[in-house]
Structures are given as structure tokens and as C-alpha cells.
Amino acid sequence: MKPADIEKFLSEQIKWRSELEAAFRQAYDTYFNSIDKHLLSTEELEYPISNEEKLLQQNFSEANVNQPLAFTNKILNLIFQKERLQNHHTNNFEVSFKQIIKDKLPLAVTRIALLVTTEYEGIFKNGGIGTYYRTLSERLAAEDFYVVLLLCQSQVKFGGESTIPAVKHIFSTSECMDVLELQPTHLAILSQLKDCKWVDYENYCALFFAQAITTTFPNTHIYIEFPEMLGLGYRTVQAKRSRVLGENCLVAVTLHSGQEWLQEAHARHTHSHLDWFWQTSHYEQYSFEQADLAFFLSHFLKEKVEKYGWKTSHAKHLPYCFSVIEQPLKTITLRNDLQWLVGQDKIPLVFFGRLEERKGLFTFLEAIELLESNVIEKVHVIFLGKNVELQAEGLQGLDSQQYIKQKLGSNCYTIVTDLFSQEAIQLVSLLRCAIVCLTSSQENFPHTALEMGQLAVSLIVSDTGGFRETLNLIGRTGGVRWFIPEDVLSLAQAMIQAISAYPEKLGVPMREFLHFVNQRLLIQRFEYMKQAFCQTATSPTSYLDKSEPRRWILGMTSMEEQLFLENYAQNEYSGRGEIVELGCWFGSSTISLAMGLEDNSCVTNKNQRIHAYDIFIWCSLANMPQSVIGSSLEGKYKDGDSFLDEYLNRINPWSHLIHVHPGDLAEIGWQQGEIECLFIDAMKSWELTNSIIKNFFPYLIPEVSLVIHQDFAHYYTSWIHLMMYRLREYLVPIKHPFIYSSRAFRYVKPIPNELLHNSYSFDSFSETEVEAAFNYSLEITPKKMQPNILAAKVMYFIHIKNFEKAKLEFKELTAQLDYFEWLDLADVQKIAKMYYSIDLLS
């Protein structure tokens, strides 16, 4: 868009917003009055109106419609106020599933994901958002989420049945009344919306499905994700903010496009339904700004919506979890009518993407017309994308196929419009050294680049932010020619260069690297989700309410580890010795131990029995910033800052049970007598390892003491495995439930002084003992954490600078393990590159 066009667009936008305020008043007045009349008309309704409903109707009539936004929030709160009255005998606003659906649902699940979308690859023939949700559902299912899919704007009725392995149940908003037990109030709302206000209709249906999920699974963590498109999550976000959905429910919104950006990207300055446009834009903005968790895929689109007035400071940058394309695509069979494209002699020049203006169709066609006839003779143009009705001025009524024929005639090209995403990828991969053009004038985070960037094809790409970010993410640099967006001559020149260089020998991103990238994105997503779920639990007083379910405490320990420590301190700790915690950070392990000790009925002397050691200095290299994302501590500290005050504040309710030892544990040491429990999260180096063994291990009580290594399954601390193997005669692993990276050992007999006072290093262990040590650790580690032990073995060879051996071990493991088991291996690769300039994949 040219500067003059931008200025025109913005000035008209300001005008439209002022006009919209008046339109909103009228729209809201009409909308809510119609609901009011429907609710008050007892002749239309075959049910009695309760006192609560009469009160609700009174509030409807008294609402101030001259303040649309305040009115909207007030009405939503009024509609659902009954759900917050816990002692009422009958809840007239509860939504649940009908019995036929309840019979299909499990009695209990650990965690649920409700994905709400208009597209899903495999059900509909599209890419982009549909592919995003398919991939997301697969990732969540692999992490034991019970995935439910809700399709908006679909007339297909699924009845909760699913043939997609990652999705347990599929519903559509069109079957809302068929599968949900709705109350008269809900039916009254929907009856006013179905025809002319379909966005609101879809909104409320999505909300009612969310309510049914929360009603069915009140004690389960529920993750709900919407795209911001069409503001489909608007009512659900409002309901969450009104506390209708409960604290066990997390509502996320991901920024994919939005009406205002689409308007700009299509270069449209007018809209035929202005009121609808601005109301929907408001829904999109509100849902993104007010969601519990907001994601943006690219900085490009984030900067765009900021110019439209959106607030984005709370949002998290999180690109797609994408599918790694396996070569060859054995599970897909190319259709018979497309086989001839694979065998042709001409150079395949592919337009890849929806056949519309925003994807650069017009620019592409004009560039083709600029090519000399001797160049055209060498190529066969393939349009690979969805056929759509064109929106450009003067072209209304034409679809893309008709327009292409109008521009190019009937020769030298083929249009393929009806493929699923995987089928389209298969076709491109089978073409003989295809030249693929990605020509959008603007892009958010295009899945087309994620897909085509993995193939051995030449790429001609519009130099716009979204494409740059996407190809950089997957490390695709070879065989890429950039052109100026919307510049026909620039695109034509790029085509000529690619055709002249044909065929090119191309390198593509390695499969292992792509899995590393993908898994890091996935683990980042779960970190964001975990922090958002637990944001309300960051205040120390929130742990004191015993009527509430035990919540995860902010820290670098898992919920399982925290529960293990709490249970130990409450039920096993005898009080004979002290509880010593080496490395406590913000106190998740301290508080867990204190909560257990407080409830321990066998120990009478509890005063300062827990001894907490830490230097309490902020360090980015220790993963501290990543571990507070989404909490009130995000951005609060910089390297070198002390966070001791925050720790003391968090442990304050149990301060009488805790003796805090701030400083270097190697200098402070231990002089307090016998140690009954030694929790170690501080063996970060050989220096600290030797200090802990010398200063703390001598005070362990034979047959009594418990030693817990929190970093036992961490990839970096290779020395822990060597030491625990050397001391295996004295410290024996105990049976305990899977508690993530921790491993607990019983101190069964005294360690000889010569072993306690040695100064250990990697040189203290032979190759044979190293091999035996890691084999021993694998034997005593749950299967799910064994890949972490193997990663620690690779890290051992990096520590001793035997890089060739590290590469060999690394390659063997990547061939042996599934990609979802590579999380710690990905960190090892990162360390090798960052600190040693070694690529373990080379």
C-alpha cells in the first residue's frame, strides 16, 4: 500500500470509528430489546419465569445502552450471575451435555484441550489455520491432553464422533441444541441471533460448549484455544473474566489475521457491511487483549495490529508447531489425473497458495505476462490452491479460475484446486525440481513457507515480514530468491533467474534440526500454559486455603515433585535430623516441605527444622527468565539482582519452620547436626559437587536419611551420574512414583572418609566406569526420562571436549529415539553450538 493510500485508509478508519459509535448504540438497543421482549413474553415461552429471571429482566430494561461496552459487560455478568450463587437449589443457567454425549465421555481425565476453529486440515481442504489446528491437536494429544474439537461455521453434525486419532470428540456449533442441555435463557439468546447476527450466534455456541466441558469436568485443567478471527472467543473470554468458567479453565487466543489486517492486505478502503466489520473487529481485539493467554505468530502482524490500536504487551511470541515433512511421503498416493504433471519435461513453475489477491495472484499473472516467449516455452505454470471468488473492484462475480483463463487463455498452465494440504505437498515434492512462488503482498506466519521450505525446490518469495520470519525459523536459506512485494518487474526478474539456474542442487533443513525447532516451540508453549494456569497461585496466602485443590507453586519443580516433598515431610519425616534444601530459588520446594511439616502430627519440635540454602542472585543462564514467563515476576529482575526479598515474602506464612542461609553454600557449610532429608538442586558444577559431598554427606543418618537429586535427569549435570554410581553401595535408589527429573536415594550405610574427602573431577573416572555409570542411571530411571539420561551422556563428552565422540553418540540417539523424546538433546545441541561452535549434526 502506498503512503497516500495508507493516509487515506487511516483517515477513513477514524471517520468510521466515530460513525460506528452511533451504529453500536442502535445495534445494541435493538439486539437487547429483542431479547428483553422475548424473555418477558410468557405467551411465547412454555416455562415459568423464576424470580431470578424477573430480576434479570429488570436489569435488562434499566441498562444504559448509551455505553455499549459497559452495557455488554454488565449484561454478561447479569446473565451468568446465578452461576456464582453456590447455595441456590436449582441452577437455571447451567449448561451440560445431553446423556447420549455423556455416555461417550470418560468419568475423569487429567487435562482437556478444547480447540475452537473454523478450519481443520483433514476435515476441510485448506491449509494455514486448518493445518495449525491439526498440528496443535497432535502435539497436545501426544502430551496426554484429551482433545475436543469444536468447528464453527460448519453445518456438519458430528455427534461427538471422531475418526482423527489425535481428537477424541468433534462437534460443530450447528449441533449446539442437539447435544447440549440448554436452559430457556440460552435458547432465548440463540433464537435472536441465528440469522442476521451469525458471529454472535457462533460466539454463544462456543461459550455454551465451553460451559458444558467445565460442568462435566470441574476438577480438570481445561485449555481452550480460539483464533482471534471473527472474535469467536469474545463471549467465552468475557465469561472467563466474569469467573463463570472457573480457575481450572484457561482461555487462549492466537493472532492469525483479523478483519482490519485483511482489509488492508486486500487493499480495500470501503466495506459493504461497515457495522458488521467494526463490531467483528472489536470482538477480535477484545478477545485477544483480554484472554488469559495471547499468542502472536510473527512480529510482522503484531506490529500491524499495534498500529490499529491493539494492546500487545501481554502477548507471547510463539510461532507454529509445524509438521516435519517426512521424505518420501509414503502414506499419500498421488491422484491418477495428476500423474502426467510429474512426468512432463517442462520446468514446473508453481503458484502455491489460495488463488486470491492477497496471496499475490494478480502480481504473479502480470509477471508471467512479462516473460519473453522463449522463457515461457520452457515452463509449465501450475496454480496450486483454493479457488475463491475475487473481491477486487471491477472483478466481483469472477472466481480465480475464470480470471486466470481471462489473463492467460487456455494453454501453458494447470489449475489444481481441490487437494488437502498433504496432497499438495506430495505433488510439489514429486515434480521435477519445481520452482515454487510464494507471492503474498503481506503474510503473518505462512504455513506455505514452513511446508515448501522443507522441500528441495527453488523458492521465489515476497520479501515481507512473515516469510522472512518463517524461513529463518526452519533455517532455509539456499535456493531462495526474494522480490519486492507487489512489484511485478522484481518478481519477473526473480523468475528469469530461477529458470536460468534450473535445475539447482539444493540443500534443505535437516529433519533432526526441524524436530529440534519444533520441540522447542512445543515446550515453550507448555511453559506459557503452565505459568498462565498458575498465575493466580503466585501469592503465598493462596496456598493456605485447604478447601481449594492443591495448586502448583511457581518454581523449577514439577507438581509431582512438590507433592512428593509435601508427602514426605508430612508422613515420613521423623524429626530425628534436619531437612536441608540446597538450592531453593523462589521457594516451591521450601513451601512444599513446609506445608507437609506443618501437618506432620508426629514431629513436635518443628521450629526452623527446614534449612534453605541459595545465593538468591538472578542469573539468565540458569533459565530463570523463561521460568517466570506469564507470572507477576516476568521482567522484574536482571542479571545480578537479589531476589531474596521475594523468596522471604513467599515463605512468610511458614517462616517459623524455616532457617534461611543466603550465600555460597561452599563457604557457609553445615554445623547443625544430623541431616534426615537432603534435597539437592545445587550440584551445578564439580566445585559444588565436591563441597556438598564433603560438607553435608557426613551428617547423613544410615538407614534413615533420604537424598533427593532434583537434577538427576537434567542433561547438563553429567557428574551426578558418575558420583551416584561411585557411591551406589551407600546410596540406594528407593521406589517412588515418577517425579519428573528428581531421583530419591536412601542412605543405607556410612560412606568411608576417603570417599567423602576426595576432590572429584571427570579425570577421576575411567571410560569403563563412565559407561557403567550411565547404564546404571538408565536402569534406575523411569522410561519416560531415559532420553534425558542419554542426553547427559552426550553432554559428558562435550564437557571433556571429546566432540567426535559426542557427535557419534548424538547421531546414534537421534536415529534411535522418536522426535518427541529429543527435548534435552535439543538443549545439548544448543549448548554445543553456543559455547563450543560445534554442530552435533554435522
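**Helix packing and strand pairing in the predicted model**

Good morning. I begin with a helix pair: H186, I189 and L190 in α7 meet Y201, Y204, C205 and F208 in α8, where contact means heavy atoms within 4.5 Å. These contact residues comprise six nonpolar, one polar and no charged; Ala, Val, Leu, Ile, Met, Phe, Trp, Tyr, Cys and Pro count as nonpolar, Asp, Glu, Lys and Arg as charged, and the others, Gly among them, as polar.

The model is predicted, and local features need pLDDT of at least 70, side-chain atom pairs count only at pLDDT 80 or more, while totals for chains, interfaces and linings use all residues. Residues are numbered from 1 along each chain as its sequence is written, and side-chain values use heavy atoms, with hydrogens and water left out.

Helices and strands here are DSSP runs, numbered from the N terminus: helices are H or I with at least four residues, strands E with at least two. Helix α7 spans residues 184-191 and α8 residues 198-216; their axes lie 9 Å apart, at an angle of about 155 degrees. Axes are lines fitted to C-alpha atoms, for helices over the stretch in contact, and angles run from 0 to 180 degrees between N-to-C directions. The two helices are therefore roughly antiparallel; angles under 35 degrees count as roughly parallel, over 145 as roughly antiparallel, 65 to 115 as roughly perpendicular and the rest as oblique. The crossing of α7 and α8 is left-handed, that is, the near helix is turned anticlockwise from the far one by less than a right angle, clockwise being right-handed.

I turn to α31, residues 786-799, whose axis comes within 8 Å of that of α28, residues 718-726, and crosses it at roughly 100 degrees. These helices are therefore roughly perpendicular. On the α28 side the contact involves S718, W719, H721 and L722, and on the α31 side I789, A792, M795, Y796 and H799. By class, these residues are six nonpolar, three polar and no charged.

How does α31 pack against α32? The angle to α32, residues 803-816, is about 165 degrees, with the axes 7 Å apart, which makes α31 roughly antiparallel to α32. This crossing is left-handed. L790, K793, V794, F797 and I798 of α31 touch F803, K805, A806, E809, F810, L813 and Q816 of α32, a set of eight nonpolar, one polar and three charged residues.

Now the strands. Two bridges link β8, residues 293-296, to β9 in the parallel sense, and F295 stands opposite K316 in β9.

Elsewhere, β14 (458-462) and β15 (480-483) run parallel, joined by four bridges. The chain passes from β14 through α19 (465-473) to β15 in a right-handed β-α-β crossover: with the strands pointing away from the viewer, the path from the first strand over the helix to the second runs clockwise.

Finally, two loop details. The peptide bond from Y502 to P503 is cis, with omega near -10 degrees, and P503 is in the loop between α20 and α21. D144, in the loop between α5 and β3, has a positive phi of about 70 degrees although it is not a glycine. Thank you.

Notes: Pairing = 2+ DSSP bridges.
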